[in-house]
Amino acid sequence: MLIATFIKRRMKKAMVFSFLGLSSFTIASPSFAASLDLSSWDKSGDVFAVPSQATLTNAFSDGSDDADNYNVSSNDPTYINSLETFLGLNSGDLGLDATEGSAIKKALNVLAGDVINFDYSFLTYDTFSSDRAFVTISNSVIPLTGTSPFSYTFATSGIYNIGIGVIDVDDTFGSSILSLTNASVTNANPQPVPEPLTTLGSILAGGFGAMLKRKHLKKVQSN
């Protein structure tokens, strides 16, 4: 009888401590992607943007540089010196062969490990020279070619000037179009948050504690 009572008490204590252990569990929250409103970005040149999509060209508003008019905003592209200034770049950073273009820009406050993502499509009608599309991150120029998702991970926290654009090369004839969609910033290093079992474990542990207290009072009263 004494052995059975001892075993029961040990099992009850083990269950209480097990639930108390559960109450300390935490889980990492999933990566969180915050959409970027492309319509809120600063614009230079021929740009049309809505929150979820932006289209940029290096086409003149009068259509004089193409057989068809590919201009999307009725604004002419920006001459290259002014475009580089707009993007916070030094003269020549977009290439000494660049003549004009269009771009959008935004200052983003990010944490180390955050990732900027977007999908893009770069289509050129220029058969005489190789127009270019690009991303600028602070003073770095990253080329965009073809159609592909773009992703860049920030190594350190801070405010970064992000630019995206398209430029004419060697001449001002023949246009190119850059389309952007699904722009977002993803937090790749989320902070841990309490697991829902925390509340459950605390409630159950409290219940077992109350039960043991009642049994102890009954034993004292019976003696």
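This is a predicted model: local features need pLDDT of at least 70, side-chain atom pairs count only at pLDDT 80 or more; totals for chains, interfaces and linings use all residues.
A pair of aromatic rings is described by the distance of the centres and the angle of the planes. In this model the count comes to 5 aromatic pairs. One of them joins Phe 118 and Phe 150, whose ring centres are 4.9 Å apart and whose planes meet at 25 degrees, so the pair is stacked; the cut-off for stacking is under 30 degrees. Tyr 120 joins Phe 118 and Phe 150 in a cluster linked by ring pairs.

Another pair consists of Tyr 152 and Phe 154. Here the ring centres lie 5.3 Å apart with 75 degrees between the planes, an edge-to-face arrangement.

The table gives the relative accessibility of the residues in these two pairs.

| Residue | Relative accessible area | Class |
|---|---|---|
| Phe 118 | 3% | buried |
| Phe 150 | 9% | buried |
| Tyr 152 | 28% | partly exposed |
| Phe 154 | 1% | buried |

Phe 118 has 3% relative accessibility and therefore counts as buried, because the class requires a value under 20%.

A contact of another kind involves Lys 105 and Phe 86. The charged end of Lys 105 sits over the ring of Phe 86, at 4.5 Å from the ring centre.

Definitions and conventions: Residues are numbered from 1 along each chain as its sequence is written. Side-chain values use heavy atoms; hydrogens and water are left out. Rings of Phe, Tyr and Trp (its six-membered ring) pair if their centres lie within 6.5 Å; planes under 30 degrees apart count as stacked, over 60 as edge-to-face and the rest as tilted. Buried means under 20% relative accessible area, exposed over 50%, partly exposed in between (1.4 Å probe, protein chains only). A charge sits over a ring if NZ of Lys or CZ of Arg is within 6 Å of the ring centre and within 35 degrees of the ring normal.
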